[in-house]
Amino acid sequence: MATSTSCTGSTLLQPISKIIDLPLDQVNFVVCQLFALVTAFWFRLYLHPSKTSPFIRHVVATLLGFYLALFCFGWYALHFLVQSGLAYGVMIFTGVEHMHKYCFVVTLGYLSFCQVTRVYVFDYGMYSADFTGPMMVITQKITSLAFEIHDGLMKREEHLKPSQKYLAVRKMPSLLEYLSYNCNFMGILAGPTCSYNDYVAFIEGRCYEPKHLESNGKENGKFKQSDPSPKGAKMIQKVCTCALSLMVYLVIYTACPTERVINNTFMASNPFYIQVLYLYISMLALRPKYYFVWTLADAINNAAGFGFNGYNTDGTPKWDRISNLRILNIEFATSFKMFLDNWNIQTALWLKRVCYERCPYNPTAATFLLSAIWHGVYPGYYLTFITGIVVTMAARAVRHNVRQHFLGSATLKLMYDVITWFSTQMAICYTVVPFVLLAVGPSLKFYSSWYCCIHLLCVLLVLVLPVKSRRTKQQASEHNCLSFPDNNCNQKQKAT
């Protein structure tokens, strides 16, 4: 019910909240994002880099971001400034050699402090928009920038990996540039995370520079366009995706909430296969909530002119540079890795860049742990990511030992794809339930009702099936995808 949660932001839209029976925080969020979408078109047309200076674009983007934050979260939005200010102070007053480590600890620590106070001091279990959501994105941006500054000012060129060379920041950002990057109106509420260099190039109007070369190294001007428009079929497609996703979530998930899987009456009155089918439908209907939020955020950035990623072979512009998901690849994923590679893409890239590529010991476990800490302090998050480690290791073992036996014919390959699709969907549903239930008791009740079968199966597969270390090969592939965003990484992911 709309009255079951308190709102920390403006109450201007309270009448609408009562009419549609949704929490006011969520109504404020959606209205602000729609406002940002309209404002983004204005920003691109009337504050175009050819018409105004980067200074004005930075100021306007930052002030609009602060306004949206205040409207949604009230004075809790000051936490955004406090977190950003603390990290900027660390960047300025500590040496470059260790600045990235201090920024990481301070920024993630302040985020965790706010999450603990919100959950355990104020309102445990509040299911609505909260001020720590934007802080999670700001945390990604600050820590990414700190590592990029460290790479640009401290490391030699030959010691940087290809992706790090592209992302390295060669000079300390000004306070305005820093705040604009963290708190601009396009990404203050829902992201997505982007690199500092990409954002500054957008503000200064350099993001449309031609990147395609002929095989002889000369520039191909056939499809050259100084300022491609984000309007057209792609933008309409993203807006329609948002509308459809929101409708599916509100209609189907309301009728099939995940919490029902631990209802005693439901479990006693339905056979196990019905419970499995219900869980899949519930999770299938839950994902569109994230599709709506991330696709709308992507559309806002595109409308402002941010997100251009070169041209397709037919000359049409691509606007997926900071996209956060690929829906079809998620729904038809045939491996746990393929699902994760296409879900919350920018967060996955952040985890790779600040943790997986830099952690000297057990990077997979360290990455899952960082992801859990970043998401928050609900116990269900940790249960989900601990389970995710085991499932990832088991999926890797199966692929390494089994897949080659199904490549002999198209029929066998199709059979393998169908089996792995079903297994992946069940593993995802099973793994994510604690993420939705949040608390320990309900999560353990669910796992016990399934007799922890997927946990036991995964552990058995890891123990029985040998897996050779392929970290070097995987990192090389990841570096290529990160370094050359126009290459055909999607096909590589589909092949997994």
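Colleague: Let us start with the helix pairs. How do the axes of α2 and α12 cross?

Modeller: This is a predicted model. Helix α2 covers residues 24–46 and helix α12 covers residues 272–303; their axes come within 7 Å and cross at roughly 20 degrees. That angle makes α2 roughly parallel to α12. The crossing of α2 past α12 is left-handed.

Colleague: Which residues in α2 and α12 meet?

Modeller: On the α2 side they are Phe-29, Val-30, Gln-33, Ala-36, Leu-37, Ala-40, Phe-41 and Arg-44. Their partners in α12 are Phe-292, Val-293, Leu-296, Ala-297, Ala-299, Ile-300 and Ala-303.

Colleague: What about α4 and α5; at what angle do their axes cross?

Modeller: The axes of α4 (residues 78–93) and α5 (residues 96–122) cross at roughly 160 degrees and come within 9 Å. An angle over 145 degrees counts as roughly antiparallel, and α4 and α5 are therefore roughly antiparallel to each other. Their crossing is right-handed. Among the residues making the contact are His-79, Val-82, Leu-86 and Met-91 of α4, together with Met-99, Tyr-102, Val-106 and Tyr-110 of α5.

Colleague: Changing topic: how many residues has the largest nonpolar core?

Modeller: The largest nonpolar core has 77 residues. Phe-80, Met-91, Phe-185, Tyr-199 and Phe-202 have the most contacts inside that core. A second, separate core has 38 residues, including Leu-279, Ala-285, Ile-428 and Tyr-447.

Colleague: What does Tyr-199 touch, leaving out residues up to four places away in sequence?

Modeller: With those left out, Tyr-199 touches His-58, Ala-61, Ser-180, Tyr-181, Asn-184, Met-186, Cys-194 and Phe-306.

Colleague: His-58 is a polar residue in that list. Is it buried or exposed?

Modeller: His-58 counts as buried, at 3% relative accessibility. This histidine lies in helix α3, residues 54–73. Leaving out residues up to four places away in sequence, His-58 touches Leu-176, Glu-177, Ser-180, Tyr-199 and Ile-203.

Colleague: Which residues of α9 are buried?

Modeller: In α9 the buried residues are Tyr-196, Asp-198, Tyr-199, Val-200, Ala-201, Phe-202 and Ile-203. Seven of the nine residues of α9 (residues 196–204) are buried, so this helix is largely enclosed by the rest of the structure.

Colleague: What covers the buried residues of α9?

Modeller: The cover includes α2, α3, α6 (132–154), α7 (162–167) and α8 (175–183). After α9 comes Gly-205, with a positive phi near 80 degrees.

Colleague: Now the cysteines. How many disulfides does the count come to?

Modeller: The count comes to zero disulfides. Cys-72 is in no disulfide; the nearest cysteine sulfur belongs to Cys-32 and is 3.6 Å away. A disulfide would need the two sulfur atoms within 2.5 Å. Cys-72 counts as buried, at 2% relative accessibility.

Colleague: And for Cys-452, how far away is the nearest cysteine sulfur?

Modeller: For Cys-452 the nearest cysteine sulfur is that of Cys-453, 8.0 Å away, and Cys-452 is in no disulfide. At 30% relative accessibility, Cys-452 counts as partly exposed. Cys-452 lies in the loop between α19 (440–449) and α20 (453–464). Although not a glycine, Cys-452 has a positive phi of about 50 degrees.

Colleague: Where is Asn-362 found, and what is its phi near?

Modeller: Asn-362 is found in the loop between α15 (345–356) and α16 (363–375). Its phi is positive, near 45 degrees, in a residue other than glycine. Asn-362 is exposed, with a relative accessible area of 51%.

Colleague: Last one: which residues does a cis peptide bond join?

Modeller: A cis peptide bond joins Gly-191 and Pro-192, with omega about 0 degrees. Pro-192 is found in the loop between α8 and α9.

Technical notes:
Residues are numbered from 1 along each chain as its sequence is written. This is a predicted model: local features need pLDDT of at least 70, side-chain atom pairs count only at pLDDT 80 or more; totals for chains, interfaces and linings use all residues. Side-chain values use heavy atoms; hydrogens and water are left out. Buried means under 20% relative accessible area, exposed over 50%, partly exposed in between (1.4 Å probe, protein chains only). A nonpolar core is a set of buried Ala, Val, Leu, Ile, Met, Phe, Trp, Tyr and Cys residues joined through side-chain atoms within 4.5 Å. Contact means heavy atoms within 4.5 Å. Axes are lines fitted to C-alpha atoms, for helices over the stretch in contact, and angles run from 0 to 180 degrees between N-to-C directions. Helices (H or I, at least four residues) and strands (E, at least two) are DSSP runs, numbered from the N terminus. Angles under 35 degrees count as roughly parallel, over 145 as roughly antiparallel, 65 to 115 as roughly perpendicular and the rest as oblique. A crossing is left-handed if the near helix is turned anticlockwise from the far one by less than a right angle, and right-handed if clockwise.
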